[in-house]
Number of protein chains: 2
Amino acid sequence: MKILLTNDDGIHAEGLWALEKVLSLKHEVFVIAPDKEQSGIGHAITLVRPLRVSRIQTNGGWGYAINGTPADCVKLAVAEVLKSRPDIVISGINHGLNVGVNLNYSGTVSAAKEAALMGIPAVAISQSPTPHHEYSFIADFVATLVVSVMDKGLPSGTFLNVNIPACPKEKIVGIRITRQGISPLQETFHKRIDPRNQVYYWQGVEKQVFDHELETDGGALCENYISITPVQCDMTDYKTMKQLKGWDIPLVILA
Amino acid sequence: MKILLTNDDGIHAEGLWALEKVLSLKHEVFVIAPDKEQSGIGHAITLVRPLRVSRIQTNGGWGYAINGTPADCVKLAVAEVLKSRPDIVISGINHGLNVGVNLNYSGTVSAAKEAALMGIPAVAISQSPTPHHEYSFIADFVATLVVSVMDKGLPSGTFLNVNIPACPKEKIVGIRITRQGISPLQETFHKRIDPRNQVYYWQGVEKQVFDHELETDGGALCENYISITPVQCDMTDYKTMKQLKGWDIPLVILA
């Protein structure tokens with residue numbers, strides 16, 4: 001298989017190359033990733049400045065660094081670097097979970113979503129930061145998951161968002177197929193005063209409250225399960241669509 | 001009502017102040033918007049540098065400019081500037097349609113999504129660029145739509161994505177409740193050579209192919225309807241969730 005690997009932690013990230021090491025044993029793997037960390041960048045794309053592609057050697061091996069976002073990397077990889085579509089796009093291993101409402105802010109998840117928008121199968125993979133950082137077993141797991149994905153198939157426009165719990169691998173109790181949790185973040189801004197006596201704000205490292213139900217991504221992780229959530233690109237709320245048709249919104253502008 | 005107005009075109013944008021002019025006749029309106037254009041920024045949030053809030057006078061009136069993304073503006077507005085939750089968040093009037101897969105890249109839409117994630121009712125409003133720029137009738141329409149939204153209510157986590165067709169207002173034939181189109185963009189990168197003989201790429205202004213069905217956002221706009229799509233924050237693909245439970249993914253790492 002031809003596999004495109006990317007991430008949002010940047011091309012030098014350990015988790016990216018842990019995946020490359022295992023997947024390249026059996027597949028043709030291309031590493032095309034942002035030249036620096038892009039956490040919180042969401043599904044942004046770069047329109048106001050040009051993009052550069054640099055083939056560089058990292059501690060993990062050779063790859064293509066792009067001065068853009070994870071979504072830029074997938075777009076530019078398919079259009080220019082690879083010159084053809086990969087069989088699958090894998091984004092990660094992210095240093096930090098991507099669950100619940102954080103799916104909106106995650107560059108890791110958005111890279112997989114960008115692939116899904118193009119109809120390419122995709123997996124986003126993230127791990128809760130742990131002191132041990134055992135990336136190799138996660139890479140082994142992704143290698144088997146990829147076989148399942150290609151064998152069984154995913155609907156066009158749907159990708160898998162996978163998260164690995166914080167515990168040592170021996171404590172992982174299994175896999176849960178989950179839904180995205182919806183608990184809001186506890187927003188915090190740190191208000192500070194600069195040396196010119198002007199106010200500025202740091203967006204806080206928000207404490208994410210996980211949904212408790214085991215069928216949510218966060219709930220499964222709290223119980224030491226690997227969480228796999230199928231994520232769809234279609235954002236339409238079909239139930240509300242039916243209700244809206246009964247609203248009779250007045251079209252005053254034509255009056 | 002207490003209304004928060006924002007956008008992704010920046011605080012000086014004409015469309016933003018056209019809304020303010022009409023909505024402030026009957027409501028308490030706060031304009032809190034990015035200090036510059038943020039097109040393509042998606043749902044990015046700013047984590048690696050501090051945010052500033054500046055109360056400034058624009059051609060349209062007084063507002064708060066923030067050196068961040070549309071999602072930052074909503075977060076910081078609720079947490080620090082307003083010190084309380086607005087009754088509704090309105091994002092726009094965007095200069096350019098936000099339909100189909102472009103919902104992922106749009107800062108306008110993401111500002112409304114950020115509000116919906118907090119459980120605040122929200123509307124994103126965009127117009128196809130036209131030579132005439134008749135924003136005032138759109139503002140009138142939004143003023144009536146807002147009354148409907150507050151009267152009938154939206155489910156928590158769902159907001160409305162509204163688009164106005166390119167035709168003069170007299171040619172608008174009505175309102176369609178639509179789903180998000182899923183046609184992929186036609187990706188183009190413009191490859192150029194800089195004076196140092198190095199390659200760089202501009203991400204092209206992608207020609208968006210609209211879905212033709214009248215029940216899609218793009219299809220309705222092509223027929224001169226105003227398109228209203230209810231968008232939900234929950235990205236779970238519930239149908240695929242059921243299928244995945246039958247996959248029996250091997251958990252090799254525990255072997």
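Two strands count as paired if DSSP finds at least two bridges between them. Strands (E, at least two residues) and helices (H or I, at least four) are DSSP runs, numbered from the N terminus. The model is predicted: local features need pLDDT of at least 70, side-chain atom pairs count only at pLDDT 80 or more, and totals for chains, interfaces and linings use all residues. Residues are numbered from 1 along each chain as its sequence is written, and chains are lettered from A and ligands numbered from 1 in the order in which they are written.

Start with the sheet of chain A. It is open, with 9 strands in the order S3-S4-S2-S1-S5-S6-S7-S11-S8 and mixed pairing. Strands S3 (53–57) and S8 (174–177) of chain A are at the edges; each has a single partner strand, so one side of each lacks a neighbour in the sheet. From one strand to the next, the twist averages 25°.

Now take one pair. S2 (residues 28–34) and S4 (residues 62–66) of chain A run parallel, joined over 3 bridges. A:Pro34 has A:Ile66 in S4(A) as its bridge partner.

Helix H2 (residues 70–81) of chain A packs on the sheet and touches S1, S2, S3, S4 and S5 of chain A. Contact here means C-beta atoms, placed from the backbone, within 7 Å. H2 makes about 135° with S2(A) in direction. Such angles run from 0 to 180 degrees between N-to-C directions, with axes fitted to C-alpha atoms, for helices over the stretch in contact.

Turn to the interface. Chain A and chain B give 72 residues each to the contact. On the side of chain B that touches chain A, H4(B) provides the largest share, 7 residues.

Technical notes: Two residues are in contact if their C-beta atoms, placed from the backbone, lie within 7 Å.
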